[in-house]
Amino acid sequence: MNLIPEFIQRRIAHRPNLVKIVDNIGWLFFDKILRMGVGLFVGVWIARYLGPEQFGLFNFAAAFVGLFATIAGLGLQSIVVRDIVRNPACTEKTLGTAAALQFCSGLCAYGLIISTIFWLRSDDVMAKLLVAVLGTAVLFKASEVAVYWFESQVLSKYTVWVQNVCFVGFAAMKVLFVLKSAPLLAFALATMAEAIVVAILMLVMLNLHGPNLRQLRITATRAKELLADSWPLLLSGIAIMIYMKIDQVMLGQMVDDEAVGIYSVAVRISEVWYFIPIMIAASVFPAILETKKRSEGQYYKRLQYLYDLVTWLSICVALPMTFLSSFVVILLFGEAYAAAGGVLAIHVWAGLFVSMGVARGKWLLAENLQNIGYWYIGLGMITNVVCNYLAIPYFGMTGAAFTTLISQAVTAIIAPALFQKTRISSWMLLSSLNPTHCYRLIRSFE
């Protein structure tokens with residue numbers, strides 16, 4: 001199946017490398033759209049069936065496992081992809097060593113997951129059981145080397161096939177569970193089974209279309225090299241995961257599981273469109289980089305247009321949702337989740353700063369300033385944890401939503417302004433909020 005529209009194919013047919021890249025982007029876009037649509041539909045059905053308390057416990061367990069999942073990955077993805085592209089002759093050694101490292105780190109991560117949940121919720125049998133079942137996904141992290149290889153070859157269609165066939169199949173199974181009034185644990189077991197099937201099929205696909213699994217090798221020297229390059233990304237990944245998941249875990253610990261269920265519904269609606277600014281930034285930035293070679297002034301002018309675009313796109317999403325939040329929540333999830341409306345009206349504005357951060361992240365890469373970005377994430381993480389600790393006991397879900405908004409603003413605007421090299425990006429992002437920039441943006445499309 002070719003996902004490139006015919007009129008685009010005609011324009012780029014004489015450039016086979018570009019055709020391959022565009023086709024790869026098409027498959028990734030298809031993956032996002034399918035997961036967003038099916039995931040929201042099935043998620044709504046499951047949330048209505050389980051109710052806020054059980055749905056909250058499930059989301060608490062998933063968020064809790066997510067805090068440790070990054071440890072299993074070791075930050076190796078971009079490093080492995082880079083090394084395969086740079087040195088194809090060492091592909092078997094790189095993939096084999098990365099798989100071994102991730103298998104060992106997955107075992108360590110699972111041990112941390114189990115020991116920590118037994119400490120936090122020693123009397124909650126169901127929470128421990130859910131975390132134990134959902135946490136098994138980290139044990140299969142080694143299979144992701146298949147994803148890395150296909151990414152390095154710009155052949156994401158194979159991973160999209162496997163992941164989405166399994167995703168749709170197990171989504172149908174979860175719908176069947178709802179119709180059969182299955183218990184909460186059944187949904188966790190289905191999630192675990194999906195992880196196992198995807199892992200097996202990804203390795204089969206790698207064996208068919210990539211290096212033979214029997215040829216993969218493990219060496220101590222390669223392991224040291226991979227870990228030496230990946231540890232900063234591992235620390236960054238851990239910080240990001242804490243940053244993204246800690247609010248639901250802290251709500252579960254400091255309030256109750258019902259609050260997590262209601263809050264999760266608001267977050268799910270709020271974040272459903274985040275892939276759009278990511279794809280916009282990824283699509284237009286190569287052209288902006290080309291401009292940099294010709295004119296620094298023109299480069300920053302086009303960069304400002306990108307900032308303006310993602311900023312006003314975010315505002316156009318957040319503004320109507322502020323007033324329609326309760327209506328949307330009740331329409332999708334029912335009266336039991338009505339309290340999520342107020343949370344959504346606040347949380348949806350975090351998308352503004354997320355979009356800004358995505359666009360600015362591309363600039364950091366272009367200027368080779370990505371190391372400073374780790375400080376932004378760290379400051380955002382600390383802000384998130386501290387503010388949640390202070391706000392949740394008094395304001396509950398609303399406090400968690402405001403904390404997300406504040407921490408995203410710290411990461412996108414405040415933290416970059418503290419560093420001289422990146423201060424210009426904060427000013428450019430703030431200037432994108434100027435209504436005249438919106439008018440200029442509209443005129444540019446006429």
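Serine 181 is exposed, with a relative accessible area of 53% (exposed means over 50% relative accessible area, buried under 20%, and partly exposed in between, with a 1.4 Å probe and protein chains only). The model is predicted, so local features need pLDDT of at least 70 and side-chain atom pairs count only at pLDDT 80 or more, while totals for chains, interfaces and linings use all residues. Residues are numbered from 1 along each chain as its sequence is written, and side-chain values use heavy atoms, with hydrogens and water left out.

**Overall architecture**

- The protein has 17 helices and zero strands; helices (H or I, at least four residues) and strands (E, at least two) are DSSP runs, numbered from the N terminus.
- Of the 446 residues of the protein, 48% count as buried.
- Contact means heavy atoms within 4.5 Å; among contacts between residues at least 6 apart in sequence, 81% join residues at least 24 apart.
- Carbon and sulfur atoms hold 68% of the accessible surface, which comes to about 21,100 Å² (Shrake-Rupley method, 1.4 Å probe; for residues, only the protein chains shown count as cover).

**Loop residues with positive phi**

- Serine 181 lies in the loop between α7 and α8, and its phi is near 55°, a positive value in a residue other than glycine.
- Leucine 74 is found in the loop between α2 and α3 (77-86), with a positive phi near 60°.
- Leucine 74 is buried, at a relative accessible area of 12%.
- Most residues other than glycine have a negative phi.

**Helix α10**

- Helix α10 (residues 257-271) has 15 residues and reaches 21 Å from its first C-alpha to its last, close to the 21 Å expected at 1.5 Å a residue; the expected span is 1.5 Å times one less than the number of residues.
- Twelve of the 15 residues of α10 are buried, so the helix is largely enclosed by the rest of the structure.
- The buried residues of α10 include Asp257, Gly261, Tyr263, Ser264, Val267 and Ser270.
- At the start of α10, a side-chain oxygen of aspartate 256 comes to within 3.3 Å of the backbone nitrogen of glutamate 258.
- Histidine 347, in helix α13 (residues 340-347), counts as buried at 2% relative accessibility.
- Leaving aside neighbours within four places in sequence, histidine 347 is in contact with residues including Tyr263, Val267, Ser270 and Glu271.

**Nonpolar cores**

- A nonpolar core is a set of buried Ala, Val, Leu, Ile, Met, Phe, Trp, Tyr and Cys residues joined through side-chain atoms within 4.5 Å.
- The largest nonpolar core has 92 residues, and those with the most contacts inside it are Phe64, Leu251, Tyr263, Val265, Ile269, Tyr337 and Phe353.
- Helix α2 (residues 16-73) contributes the largest share of this core, 16 residues.
- Apart from this core lies another, of 28 residues, among them Val147, Phe170, Met202 and Leu206.
- Leaving aside neighbours within four places in sequence, valine 265 is in contact with Phe55, Val329, Phe333, Tyr337 and Ala340.

**Aromatic pairs**

- The structure holds eight aromatic pairs; rings of Phe, Tyr and Trp (its six-membered ring) pair if their centres lie within 6.5 Å, and planes under 30 degrees apart count as stacked, over 60 as edge-to-face and the rest as tilted.
- Phenylalanine 177 and phenylalanine 187 form an edge-to-face pair, 5.8 Å centre to centre with 90° between the planes.
- In this pair, phenylalanine 177 belongs to helix α7 (residues 156-179) and phenylalanine 187 to helix α8 (residues 184-209), ten residues apart.
- Both phenylalanine 177 and phenylalanine 187 are buried.
- Ring pairs link Tyr49, Phe177 and Phe187 into a cluster.

How values were computed. Polar contact = N/O pair within 3.5 Å; in protein donor to acceptor, adjacent residues only side chain to side chain.
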